[in-house]
Amino acid sequence: MAYPEILILRHLSRRPAHGYELRKRVEETTGIVINNNSLYPALKRFVEAGAVEVTVEQHESKPPRHVYTLTDIGRELLHDLLSDLPTAQAGDDLEFLTRLGQFAFLDAGERTAIIDTRSAALESHRERLAALEGRTSGEFWSSAVVSHLREQIEAELRWLKELRAEATRT
């Protein structure tokens with residue numbers, strides 16, 4: 001699961017932040033809640049890897065505040081995470097949409113590779129649903145679910161085709 005790391009690094013690329021502020025900014029802009037059990041271990045890994053620097057700000061009558069700043073290594077890491085959508089994660093909506101939302105940072109080849117990987121994952125899912133459809137035995141509720149899921153996949157595949165055309169133009 002790379003999307004929390006992408007979101008953390010992306011928000012730090014805008015400006016330095018302390019942990020609570022970073023967590024709130026991610027939630028406010030994406031609706032995704034990153035809890036402290038995910039945020040602080042990720043920040044620690046980023047600091048250890050040199051992707052993020054931490055400075056401590058002292059405040060009177062308050063605990064010290066750790067402020068995190070993205071480094072050049074962190075910018076490279078962010079790009080690498082954005083430009084790679086592993087096949088195993090391509091079916092995950094959040095993994096794909098997190099990268100799609102940051103396509104401005106990628107070149108046309110990287111964009112189309114991500115779209116193609118997502119399309120392949122959806123095609124595979126569509127095939128599994130087709131096999132399931134044959135096993136519903138005409139039972140209304142099961143058939144309704146399978147039909148709905150297939151319609152969603154078909155709609156997204158059409159959308160991805162449009163996005164792919166746009167990705168090669170820009």
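**Note on salt bridges and helix packing**

1. At 22% relative accessibility, Arg126 counts as partly exposed. The term is set by relative accessible area: buried means under 20%, exposed means over 50%, and partly exposed lies in between (1.4 Å probe, protein chains only). The structure is a predicted model, in which local features need pLDDT of at least 70 and side-chain atom pairs count only at pLDDT 80 or more, while totals for chains, interfaces and linings use all residues. Residues are numbered from 1 along each chain as its sequence is written, and side-chain values use heavy atoms, with hydrogens and water left out.

2. Arg126 has a charged partner: a salt bridge joins its side chain to that of Glu123, with 2.1 Å from N to O. A salt bridge is a side-chain nitrogen of Lys or Arg within 4 Å of a carboxyl oxygen of Asp or Glu. Side chains of opposite charge can pair when their charged atoms come close. Arg126 and Glu123 are three residues apart in helix α6, a separation of about one helical turn. Helices here are DSSP runs (H or I, at least four residues), numbered from the N terminus. Glu123 is partly exposed, at 29% relative accessibility.

3. Salt bridges with shared partners link Arg15, Glu21 and Arg25 into one network. Within it, the side chains of Arg25 and Glu21 meet at 3.5 Å, N to O. These two residues are four apart in helix α2 (residues 19-30), which means that about one helical turn separates them. Glu21 is partly exposed at 23% relative accessibility, whereas Arg25, at 9%, counts as buried.

4. Glu156 and Arg118 also form a salt bridge, and their closest N and O atoms are 2.7 Å apart. Glu156 belongs to helix α7 (residues 140-169) and Arg118 to helix α6 (residues 108-133), so the pair ties together parts that are 38 residues apart in sequence. Both Glu156 and Arg118 are buried. Over the whole structure, the search finds twelve salt bridges.

5. Ser119 is another residue of helix α6, and with 18% relative accessibility it counts as buried. When neighbours within four places in sequence are left aside, Ser119 is in contact with Leu157 and Leu160. Contact means heavy atoms within 4.5 Å.

6. Two packed helices are described by the angle between their axes and the distance between the axes. For α2 and helix α3 (residues 36-49), the axes come within 11 Å and cross at roughly 120 degrees. That makes α2 oblique to α3. Axes are lines fitted to C-alpha atoms, for helices over the stretch in contact, and angles run from 0 to 180 degrees between N-to-C directions. Angles under 35 degrees count as roughly parallel, over 145 as roughly antiparallel, 65 to 115 as roughly perpendicular, and the rest as oblique.

7. Which residues make the contact between α2 and α3? From α2 they are Gly19, Tyr20, Leu22 and Arg23, and from α3 they are Asn36, Leu39, Tyr40 and Leu43. By class, this contact has five nonpolar, two polar and one charged residues. Ala, Val, Leu, Ile, Met, Phe, Trp, Tyr, Cys and Pro count as nonpolar, Asp, Glu, Lys and Arg as charged, and the others, Gly among them, as polar.

8. Leu94 lies in helix α5 (residues 93-100) and is partly exposed, with a relative accessible area of 35%. Leu94 and Pro4 are 90 residues apart in sequence, and their C-alpha atoms are 9.4 Å apart in space. Apart from neighbours within four places in sequence, Leu94 is in contact with Tyr3 and Ile32.
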